[in-house]
Amino acid sequence: MSDTPTDASKRTWLIASGCAGAAGAAFTAVPFVSSFQPSERAKAAGAPVEVDISALKPGEKITVEWRGKPVWIMKRTPEMLATLAKTESQLADPNSDRKTYPTPEYAKNQHRSIKPEVFVGVGICSHLGCSPSDRLQPGPQPSLPDDWLGGFLCPCHGSTFDLAGRVYKNKPAPDNLEVPAHMYLSDTRLLIGEDKKG
């Protein structure tokens, strides 16, 4: 320690410079640390996608992107679930046994999902890659049979799918809609693209 007094203006300047340097270092570090997170492009290329489904009401469907594909998440009503048993005799692959789009074991059931009310499926027709349209209302409609119970219609070549994404017989689409690997992180958080069981 020196006996010479320190100039007060120098001390203020040193403190201000130190604070500015610390702020600059923090400002630089935040983007650097953030760069370790997967980019949106990486997520679309295959990284799992986390989805909050807390606001999804019965009868509603949302679409998210995973690996460049539209993934549907639909919360089915009890009435929608009741139609699944009625369609089985009309389906090409009611048990999802075909291997073109292997169905995860936890989705090899009538509702093709972990939780019966929540359907997770890739919204791409297995025929030529068109995206089917919602035809969720039961009853006669253009391009659909009079006893239609609700489901999806591919506008390109007329393939029809029930509310579990299972294709009807004698349609151009050879397979059911793909069910991607997925798991629940909580009752309201869904992770698409990864499962601990599969």
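Figure 1. On a 1 Å grid over the protein atoms alone, a cavity is a set of points where a 1.4 Å probe fits but cannot get out. Grid points are joined across faces, edges and corners, and a volume is the space filled by probe spheres set on the points. Rolling a probe the size of a water molecule over the atoms shows where empty space is left. The largest cavity has a volume of about 60 Å³. Its lining residues, which have an atom within 4 Å of a point, are D93, S96, R98, Y101, T103, R112, D175, N176, L177, E178 and V179. Three of the lining residues are nonpolar, three polar and five charged; Ala, Val, Leu, Ile, Met, Phe, Trp, Tyr, Cys and Pro count as nonpolar, Asp, Glu, Lys and Arg as charged, and the others, Gly among them, as polar.

Figure 2. Between D52 and R189, the closest N and O atoms are 3.6 Å apart. Helices (H or I, at least four residues) and strands (E, at least two) are DSSP runs, numbered from the N terminus. Salt bridges with shared partners connect E50, D52 and R189 in one network.

**Figure 3. The salt bridge of E178 and K69.** The closest N and O atoms of E178 and K69 are 3.4 Å apart. E178 lies in the loop between β7 (160-161) and β8 (182-184), K69 in strand β3 (residues 69-75), and the two are 109 residues apart. Buried means under 20% relative accessible area, exposed over 50%, and partly exposed in between (1.4 Å probe, protein chains only). E178 is buried at 18%, whereas K69 is partly exposed at 25%.

**Figure 4. The two sides of helix α3.** M80, T83, L84 and T87 are buried in α3. They cover an arc of only 115° around the axis and therefore lie on the same side of α3; the arc is that of the directions from the helix axis to the C-beta atoms. An α-helix has 3.6 residues a turn, so residues three or four places apart point the same way. The face turned away from the buried side of α3 carries the exposed residues P78, E79 and K86.

Figure 5. A disulfide is a pair of cysteine sulfur atoms within 2.5 Å, and the structure holds one. The sulfur atoms of C130 and C156 are 1.9 Å apart, and their link is left-handed, with -100° about the S-S bond. C130 is buried at 18% relative accessibility, while C156 is partly exposed at 38%. The sulfur of C125 is 3.8 Å from the closest cysteine sulfur, in C154, and is therefore too far away for a bond. C125 is buried, with a relative accessible area of 3%, and C154 is buried, also with 3%.

**Notes to the figures.** Residues are numbered from 1 along each chain as its sequence is written, and side-chain values use heavy atoms, with hydrogens and water left out. In this predicted model, local features need pLDDT of at least 70 and side-chain atom pairs count only at pLDDT 80 or more, whereas totals for chains, interfaces and linings use all residues.

Key. 1 Å grid on protein atoms, 1.4 Å probe; cavity = no way out; pocket = protein on both sides within 12 Å on 5 of 7 lines; lining within 4 Å. Salt bridge = Lys/Arg side-chain N within 4 Å of Asp/Glu carboxyl O.
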